[in-house]
Amino acid sequence: MISQSWKCEGCGFVTVGLFPPEHCPRCTADRSSFQKDYEFKFPEEEIGGVIAACFKVSYGLYMISSREGEKVNGQICNTLFQVTADPPRFAVAINHDNLTHEFMEKSGVFAVSILGVNDHRIVRRFGYRSGRDFDKFKGIPVITGRTDCPVYRDAIGYIECEILTDKTVDAGTHSVFIGDLVGGKVLRDEEPMTYSYFRETKDKQ
Ligand SMILES: Cc1cc2nc3c(=O)[nH]c(=O)nc-3n(C[C@H](O)[C@H](O)[C@H](O)COP(=O)(O)O)c2cc1C
């Protein structure tokens, strides 16, 4: 039996199951507002194990920033990785709806503040609310490098990239941006934050 994911056309809420829920838990719309979003390619009874395996994939945790003219914004991401060493090239998956996505498309550049193991405060500030609602960088100490994107001054380091627009991949909800490395620096000596460490410790902070 194949399990499915269902999207509420009213508010965008996504849930998993063989059938859509009777009511949307977010906006209370009834079952008819749910459309099939994606059909998993494995049997429903394996979902728990498959998801558990997915959480064994390890990631870092970063603050990606970009700009539009004088305006700046940033968000948290765990999906950054180096694609090739020669040329030095990075990829990152960013949700289409995010303000950071809009700024990255417009400016063609992004910076990556590499967070330290104690940077929970930055994850909370940049990872849960959009810069469309408030100025995330207000009161945050920043430096700028070659791309003019703001970098968290107390990060353990940063890198900067220029996006290769012809290589951006539309992956459904997210774009995978690929960028060539144009700068970077180590700022202080601390262990980098990982996604799994953040998940383990976020409620204890
Ligand atoms: C631990 C964590 C990891 C995240 N990873 C990603 C990611 O890889 N890609 C992404 O698009 N959003 C990711 N997010 C969500 C964005 O940071 C979040 O939606 C943010 O509010 C978007 O802000 P913006 O609209 O100001 O750009 C992550 C959030 C957290 C807390």
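Reader: Which residues line the second largest pocket?
Author: This is a predicted model, in which local features need pLDDT of at least 70 and side-chain atom pairs pLDDT 80 or more, while totals for chains, interfaces and linings use all residues. Numbering runs from 1 along each chain as its sequence is written, and side-chain values use heavy atoms, without hydrogens and water. A pocket is an open set of points on a 1 Å grid over the protein atoms alone, where a 1.4 Å probe fits, with protein on both sides within 12 Å along at least five of seven lines; lining residues have an atom within 4 Å of a point. The lining consists of Lys7, Cys11, Gly12, Phe13, Val14, Arg26, Asn95, His96, Asp97, Gly172 and Thr173.

Reader: Where does the second largest pocket lie?
Author: The domain assignment, automatic or from a database, gives domain 1 (2–54) and domain 2 (62–201). Both of them give residues to the lining of the second largest pocket, so this pocket lies between domain 1 and domain 2.

Reader: What distance separates the centres of domain 1 and domain 2?
Author: The lining of the largest pocket also draws on each domain, with at least three residues from domain 1 and at least three from domain 2. Taken over C-alpha atoms, the domain centres are separated by 30 Å.

Reader: Which element gives the largest share of the lining of the largest pocket?
Author: The lining has 33 residues, and Asn78, Thr79, Ala93, His174 and Tyr195 are those nearest the pocket centre. Elements are DSSP runs numbered from the N terminus, with helices (H or I) of at least four residues and strands (E) of at least two. Those that give two or more residues include β3 (34–43), α1 (47–54), β5 (71–77) and α4 (195–201). The largest share, four residues, is that of β5.

Reader: Which residues does cysteine 77 touch?
Author: Cysteine 77 is among the members of the largest nonpolar core that touch the most others, along with Ile64, Leu80, Val92, Met104, Phe110 and Val112. Such a core is a set of buried Ala, Val, Leu, Ile, Met, Phe, Trp, Tyr and Cys residues joined through side-chain atoms within 4.5 Å. Leaving out residues up to four places away in sequence, the contacts (heavy atoms within 4.5 Å) of cysteine 77 are Gly60, Leu61, Tyr62, Ile64, Val92 and Ile94.

Reader: Is threonine 100 buried or exposed?
Author: Threonine 100 is found in helix α2. Beyond four places in sequence, threonine 100 touches Ile64, Ser66, Asn73, Gly74 and Gln75. Buried means under 20% relative accessible area, exposed over 50% and partly exposed in between, with a 1.4 Å probe and protein chains only. Threonine 100 has 1% relative accessibility and therefore counts as buried.

Reader: What is omega for the peptide bond that joins aspartate 86 and proline 87?
Author: Proline 87 belongs to the loop between β6 (81–84) and β7. Most peptide bonds are trans. The bond joining aspartate 86 and proline 87 is cis, with an omega of about 5°.

Reader: What phi does threonine 28 have?
Author: Threonine 28 sits in the loop between β2 (14–17) and β3, and is exposed, with a relative accessible area of 58%. Although threonine 28 is not a glycine, its phi is positive, about 70°.
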